[in-house]
Amino acid sequence: MKTKILVSACLMGCKVRYNGSDKSELTTALQHWHQEQRLVMHCPELAAGLPVPRLPAEIVGGNGADVMRGAARIVESDGQDVTGHYQLAAWLALRAAQDAGCVAALLTDGSPTCGSEVIYDGSFSGSQQPGMGVATALLRAHGIAVFSQHQLPELINWVNERERSS
């Protein structure tokens with residue numbers, strides 16, 4: 001059975017990022033998996049009803065796991081607390097992954113939702129720190145392996161190894 005992978009819609013060329021852009025540099029690399037119907041394209045923020053474009057948002061006071069347990073929050077650049085929207089986005093990402101049978105995810109790093117290696121530090125200064133977004137935290141807590149777009153070779157190896165041993 002082919003491994004199913006949840007993938008950030010912006011990585012597949014959909015213009016759903018906060019500023020209305022995409023991050024489609026991986027589209028060619030993912031084309032084969034897309035043709036094999038392994039990929040489940042999903043934008044957690046869009047699924048949660050957030051608009052495109054929208055104000056930049058960052059996690060303040062922790063990381064995605066902290067936000068999911070109520071110990072940190074997510075605010076937009078104008079100071080508006082949007083924690084609830086992003087928590088919903090995380091739950092919708094988990095549901096999409098589980099409903100489709102995904103065991104891995106390829107998500108956009110830096111995002112307060114999808115970041116898996118780094119997130120912005122909450123100061124809106126462009127500074128990043130190690131950490132993960134809310135969807136990554138929830139997916140990992142439910143046993144789904146999460147990779148950033150910078151880890152595509154690792155994901156490919158992970159999938160190949162998993163399929164070889166099954």
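Reply: Here are the ground rules, then the pocket and the sheet. This is a predicted model, where local features need pLDDT of at least 70, side-chain atom pairs count only at pLDDT 80 or more, and totals for chains, interfaces and linings use all residues. Residues are numbered from 1 along each chain as its sequence is written, and side-chain values use heavy atoms, with hydrogens and water left out.

Me: What volume does the largest pocket have?
Reply: About 510 Å³. A pocket here is an open set of points on a 1 Å grid over the protein atoms alone, where a 1.4 Å probe fits, with protein on both sides within 12 Å along at least five of seven lines. The volume is the space filled by probe spheres set on the points, which are joined across faces, edges and corners.

Me: Which residues are closest to its centre?
Reply: R17, Y18, G110, S111 and P112, out of 28 lining residues. Lining means an atom within 4 Å of a point.

Me: And which elements give two or more residues to the lining?
Reply: Helix 2 (44-47), strand 3 (57-60) and strand 6 (118-120). These are DSSP runs numbered from the N terminus: helices are H or I, at least four residues, and strands are E, at least two.

Me: How many bridges join strand 1 to strand 5?
Reply: 4, between residues 4-8 and residues 102-107. K4 has C102 as its bridge partner in strand 5.

Note on methods:
Two strands pair if DSSP finds at least two bridges between them.
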